[in-house]
Amino acid sequence: MTEPDTMQTILIIDDAKENIVVLSRLLKSQANIIFALSGEEGLKIAGTNLPDLILLDISMPGLNGFEVLEHLKQSQTTADIPVIFITGIPDAETEEKGLNLGAVDYITKPFASAVVKARVRHQLKLQRLTTALKEANTRLTQLAMSDPLTGAYNRRYFLDALKKELERVQRYRHPSILMVFDIDRFKSINDNYGHDIGDKVIIEMVKVSTTMLRKNDTFSRFGGEEFTILLPETPLAEASQIANRLCMQIARTTIESGNKALSFTVSCGVTQLRDDDQSPDSIIKRADIALYQAKQSGRNQVVIADDTAPLVSN
Ligand SMILES: [Mg+2]
C-alpha cells in the first residue's frame, strides 16, 4: 500500500468552537479539516463532502451526537464513514452506548494530544484500506460480468439475467423474448481480412445493437461471434420488428479494411420465454434452432421459433 497522493478529510462536529480550534491544530498535518457547529449542519456536510472520518461531540443542543450517528448510519451514503466520539462524558455506560451505535472509537476529554493523533491516524489508515478494497471489488465484479473486447455483458451475466426473467415470466405471465444473433460467415471474415478486422466487426455489431436497444433490454456477447438479447415484457410481433430492424441496420454497416469497405450480415433466431421452460437452456436451444433455420434459408434474416409454424421473415 503506497501513501495516498491526496489528503483525507476529517469532519469535526462540535458546538464548542474552542474544541474545534484545538482539534484542528492537532490534526491538520494528517488531514484536511472541515467542521460543523451543530449536529444538523454536520449531517448536511457529511452527506455532501463524504469525509473519511468524523469526530463527533455528544452533548450538543439540537441533535446530540448519538442522534447524529444514528442518522449517519441510516443513510447509505454516510453509513460507512467511521465516527469517533470525543466527549467530556467519561462514564462507561455512555461509551458503551456510543460503540453499540456503531462508533469506531471513543475519546474522553481531557485527552492527551499524542493519543488522539495516534487513534485518528489509525482510523484514517483503515479507511484508506477499506476504500481501496471496495474499488478493487467493484473492478472485479465488472470484469467478472463483461466481455473484455467490447465491454458488453458476458455469457455468465446473461444466463443469470435470463434465469431471473424466466422466473418473472412464470410468475407474472408477461411475454418476454430471447434473441440469438450470429455473424454470418465470420470465419471467412477472419480468414480473408485477419483477426483485427474480425474484432472490428464484433465491436461494430455491439455498437449498433446497443444503440438500437431499449433501457431494460439485456445484450450480451454470448460467445465468439454469437450475441444474445433479452427483451422483457415484449410481445413477439414487436420483438420480430426489432430483430428485423437490427438485421437491416447491420447489413448497412461497413467496416474499413485498408482502402476497402467491408460489410457483413447477421442471422437471428427469436423465441418467447415459456411457462413450461425448465431452465435457460431450453429457451436458448429453441432460439438456436431458429437461428440454424435462418442460416439454412440463406442467412441475413430472422426466424421466429414457433411450435406450430416456424415462420421466416425479412
Ligand atoms: Mg458539546
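Donors here are N, O and S atoms within 2.8 Å of the metal, and water is not among the atoms, so a site may look incomplete. With that in mind, welcome to this predicted model, in which a magnesium ion is coordinated by Asp15, Asp57 and Ser59.

**Magnesium site**

- Along the chain, the donors of the magnesium ion follow the spacing D-x41-D-x1-S.
- Asp57 counts as buried because its relative accessibility is 5%, under the 20% cut-off.
- Ser59, at 45% relative accessibility, counts as partly exposed.

**Aromatic pairs**

- Phe66 and Phe85 make an edge-to-face pair, with 5.5 Å from centre to centre and 75° between the planes.
- This pair links distant parts of the chain, since Phe66 lies in helix 3 (residues 65-74) and Phe85 in strand 4 (residues 83-87), 19 residues apart.
- Both Phe66 and Phe85 are buried, and together with Tyr106 they form one aromatic cluster.
- Tyr153 and Tyr157 are a stacked pair because their ring centres are 3.7 Å apart and their planes are at 10°.
- Tyr153 is partly exposed, at a relative accessible area of 31%, and Tyr157 is partly exposed at 27%.

**A charge over a ring**

- Arg155 places its charged end over the ring of Phe222, 4.2 Å from the ring's centre.

Definitions and conventions: Residues numbered from 1 in each chain as written. Predicted model: local features only at pLDDT ≥ 70, side-chain atom pairs only at ≥ 80, totals over all residues. Heavy atoms only, no water. Donors = N, O, S within 2.8 Å, 3.2 Å for Na, K, Ca; no water. Buried < 20%, exposed > 50% of the residue type's maximum accessible area, 1.4 Å probe, protein only. Phe/Tyr/Trp six-rings, centres within 6.5 Å; stacked < 30°, edge-to-face > 60°. Helix = DSSP H or I, 4+ residues; strand = E, 2+ residues; numbered from the N terminus. Lys NZ or Arg CZ within 6 Å of the ring centre and 35° of its normal.
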